[in-house]
Amino acid sequence: MEQVLNSIGNYLGLLFILLCLGLILYYFFSDGNQPKINLRDIQAFRHLRREVDLAVEAGKRLHISLGRGSINELQGGAAFIGLTILDRSARAASNSDRPPMATAGDGVLTILSQDTLQSTYRSLGTEQRYDPTNARMTGLNPLAYAAGAMPIIHDEYVSANFFTGHLGTEIALLTEAGERSGSLTVAGSDSLHAQAVLFTTSDEPLLGEELYAAGAYLGAGPAHIASLRSQDLLRWVLIGAIVIGAIIKLLGFLN
Amino acid sequence: MKKILPTSNAIIAVISGLLVLLGYFFPGVFGNIQSVLIGWAIILAAFALLLGIYNLALVHWKKAGAGGTNGINSIVLLVSLGITIIAASLSGPTGSLSVWIFNNFQVPVEISLLAVLAVVLVYAAARLLTRRPKWSTILFLVTVLIVLLGSVPLFFLGEVAPLVALRGWVTQVPAVAGGRGLLLGVALGTVATGIRILMGVDRPYGG
Amino acid sequence: MLERISQLADPIGAIIGFTLTIMVLSYLIGDNIFFRLAVSVFIGVASGYAAVLILYNVIWHQVLVPVFQVISTGKTDDLITYATHVLPAVVLGIWMLTKVSPRLSRGGTPVLAFLTGVGAATVIAGAVRGTIFPQVGASANLLNIQTGPDELSKLVGWFINGVIILVGTVTTLIYFKFGIKRQEEGVPVQHSVILEYLSTAGQGFIVITLGVFFAGVYIATLTALIDRIQFLWDVIIGFF
Amino acid sequence: MTDIICPLCGKPNPPELEECRYCQAPLNVSGFLAPSDQEGQENPFILSPDEPDQADSQVIKSESTSALEQSIPDWLKNTEANFLEETEAKPERQAPDDISEQIDSLLSQPSTPDNVTQPAIDDDWLASLLAEAGGESSPLSSQGALLGDIEEPVNENIPQPFIEEPFKAKGVLPPTPVEKPDWLTGLEASSKIKLEGEITPSEGIDQGAGITESIESIETGSMEIPDWIGKIEPEEISSNLEEPASQIAPAELPGWLEALRPEDNVPATEPVEDLSAADIVTAGPLAGLRGVIGARPSAIRARKPPTYSIKLRVTDEQRARVEMMEALLADEQKPKPLPSQPALTSRNIFRLVIAAALILPIAWMIITGSQRVPTPQPGDVPGVIDFTQQVQALPTGLPVLLAFDYEAGFSGEMNLAVSTLITQLAIKNAFMTLVTTIPSGPAMAESLINSSVGLDGNQGSYSYYTNLGYIPGGTMGLVGLALSPKSVLPYSLDGIKVWASAPLDAISTINDFSAVIVLTNDPDTARSWIEQVGPTLKIDGTPLLIITSSQAEPLIRPYYEANPSQVQGMVTSLAGGLAYGLSVGNSQQNGEWDAFSISITASVLIILIGSISRAALKIPITGKKKES
């Protein structure tokens, strides 16, 4: 099987990407005709939505941690999700006394989060509310980033923290700060060891792929729903590939 | 103009992304373009990192102006930032002065932060069952205990062979299975996210 | 260990390290000014060093030095290479610096759009070529009869383990399925019964995996704690 | 909110008062509780007082036009005329005050007949009643006296739905004495309900009891009564929330009947005298009202319902406001973080205990330098033997790519293995090409090489290496490095163009290194290397070796175990470092392994005890749970 993959690997990879693209486009444009998909309930997103409202009510701040994964890295996906959540939160909390605050451990991500905030406020017609220091880079290596974000959680009237990006073990420092300051933590990461830490230390951990569904669950648009549906279909493609490949191998072909 | 700008940004993102992507699958044709674009992106990432450090300094400059204990912390941060920059510039990143600062300021604090995490993690694990009384939590804790007990000869009991064997099996069979599933799931999500950007639907660049 | 070696030759460094270690460990008692001071120093040092390193590695070595070389050697090839590989990036980089000012920041957006596009492509390719294919291939390869052990007794165990990993991978993937069966109003929507069982099994595998990872992380942090205590003790006996 | 409204002056009084504080009229008799009373259902008057008025008057009208018409005596015409005069007069007087339409309609209605026609009915009714159970007359009269004043106005119109009952009765049977029992059944049943509904904490109960007993004892068709009750009572309970026309009606007929009873107690033969007599005899506000006979009191009282109705609307709003206020207050309290101080203290204590339980044994082991626990053997730690062999197999003097990708924080775990590796590479006289993808890497590399033992046995004497420094751009940087290292890192950190001179001049792609060794604590960095650089390395079979932390092991292990393996050798964590050291004949350890062992034991105990005890004691979760 793997020889096959290797031999036609490149084209197969391109095929897979094109399949994914095609599915997303199909679901994206056929979304109007078809009934909307039912998404399984993910408690973390339910609480995340409620926390946004509660924070606005209580005049508190939302802290969105975008992690330290540069968009130039493999973990960029998680960072992009973090930006989506930042956009949604900024919209929801646009009338709050304390606008949401974003922290990042990477230069590009910091600028992107500033852009996200600015364009969100612009689209809401409240650009004067935009303050570049609401999107901060708190440190350049993992522990420095976490250590720099801790005072924000402690001092900035944060009612809820969303850790949605590429983070590592250091995320435990952030969840600990969140617990000590009495703020809720909803957290997800693409890295498995961070997820393991979050499973024990976070109020609402997001496991694995769940983080990437944030856009769909927070109403970021039909494209996000469409990509979820395509993921659900590609899931079966992968399962089929694994099972068929295993059977073929077991029967001793392709060796 | 207001309409054109975002669209043009999206077009830039899509085209540059497609060129790099095609470079992966058709190295012959697009390989050179890809490597050039990647080279640009690397340099740009460096510029972005400088912007990030400027942002860091700006934030703490404002805080320092505000005064209070946080102001003091910010001043300390700015001072150590400035001193490090000067010292490392004079002696070079691998100069003896840079290495001395690194060894005696950065290393102790980093290891100590991790050491603090040890207590944080064991504390969280100890109260996890109260926090989330579910079957999955129990399974989680059992796994943790098995791996811990199997990873080292116990001080009073010595090496417990069955535990070591069990740990080996758990880490090599079920954990590998779950890990693969998680990795594949994350990869699926990543691909979908990337494609949304290349479609120009997601525009984190504020388009 | 690194500090142990250095502190014998360097008492000042040892005292600094000792003090900072105590200040950080004081967080165990609670968030306090000493902890924050130590952390502030750390952030400043780490970020400052990173800034200098990047200046050296990229801006100096890749952007400025080649200019002098081109001037000194006067090779047109180098000039062309520089003009294609570096100069546009520098222009874009300076363009991106408009992000410093909120008013001008919109001007720098095209550069970020470029970065985002390239990053997205890298991410996609990396995930497909680096994760999906290898992982699927490895999973499929589990039951490769050619690589299986020869003795029947081991073969059975090998086969069972392979099947378990396969089942685990598949059920874990199923667990993440987001779409759920549409049902009439009022009835709670959910997976079909079989999928429910499978995804529960998948959840079990996920939890075991996370348990293994957590143990690994904990061992790493525990080693750090041991290292700190060792360091503190070494400094103490080094001076008294 | 449970004001008692004075039947006379209509002013609200606190419930505990026996008499109106304004006009000293007895209050408790009528139990005129303000509609806002929580137990309002118990009091029929609270059930939207003004609608029953219309309902009653309708009843009367219909009856007067039907069966009762012929039984109206002539003398009645006069009184009717008088009454009409007065009732017409009233509105003028009343108009100035702001009164709702109900009142206007109520006043404009020629509701006269009832007050006068009733005697005709109740005359016979009472006759038969008294004939059979004379003893009951006194409680009845008292009850009637009490209720009458209040109820007459209330009785002035009853909605059609209810009037069906008596109508059917009349439709079936001609207006003869025979009909009365049937006709009465309804009255009794509803009167019973009326009285029950009317019971107030005070003497209402006795009255109700008395009346019901009397009626039931008299009643012949009493088997119907339960149905009535069963049908009506629940409606009454909920009636102030629903359409009054449907529910209240059944309860009202006895209302006006009872209201009339007292007038009928007086022998119908000489009404005028009796009325005047009653005028004088009866005391209190009721006397005063009755003196004005039917019309006036009813007109006067007819003005009262507006007071109640207004009162009712106001109180409804008030109740709504109160509920709203309560809801707001409740919501206000929600987002506030729980008082965290005490919780924090308890958690801190727990945390400190755990910290002590961890640190003390470790310190003990470190201080005593214990060596009891056997050092792990290379064979015990997966990957170590392969790693050792791969390093041994490296050709002498050729460049090796060494990626220092681990954070300083993990140096405690990794430095042992890394310094052993550096020594081995020095022995091989390999040209170490140092790169990193993390900003702190170069300093880490430099300090480790300086602290490692070189060929001559001196620290930091090994100089056959170059530090290319930091690869910006993460994954893309690695891809670029795999494709052409010299374009990504053209110069060493010393500013030397290393690629132009030996030994790196032979390097065009990353495959040309004799090995790529990644030292990382981050599983994702390791993945980036394996996934981005690995495929390129595979082409020429250049080995990819990894020294990593225990936190990355579970992720890297599958790559190592994979078939064919994507990682050719790995050393993980302190155990791996010790095993690797042992495999190259370097068995240095100073109590750390023992400390590690005892701290693991302690941790396991902490987790076990913590889980079991806290789960058993069900200690509430401290901190901010924002579960709704």
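I began with chain B and chain C, and counted 10 residue pairs in polar contact between them, both residues at pLDDT 80 or more; a polar contact is a pair of N or O atoms within 3.5 Å, and within protein one must be able to donate a hydrogen and the other to accept it, residues adjacent in sequence counting only if both atoms are side-chain atoms. I note that this is a predicted model, in which local features need pLDDT of at least 70, side-chain atom pairs count only at pLDDT 80 or more, and totals for chains, interfaces and linings use all residues. Residues are numbered from 1 along each chain as its sequence is written, and side-chain values use heavy atoms, with hydrogens and water left out.

I found that α4(B) gives the most to the side of chain B that touches chain C, with 23 residues.

I then looked up the contact (heavy atoms within 4.5 Å) and found 98 residues from chain B and 111 residues from chain C. I recorded 0 salt bridges between chain B and chain C, a salt bridge being a side-chain nitrogen of Lys or Arg within 4 Å of a carboxyl oxygen of Asp or Glu.

I turned next to chain D, where 42 residues of chain B are in contact with 59 residues of chain D. I recorded 1 salt bridge between chain B and chain D. I identified the partners as Arg167(B) and Glu553(D), whose closest N and O atoms are 3.8 Å apart.

Note on methods. Chains are lettered from A and ligands numbered from 1 in the order in which they are written. Helices (H or I, at least four residues) and strands (E, at least two) are DSSP runs, numbered from the N terminus.
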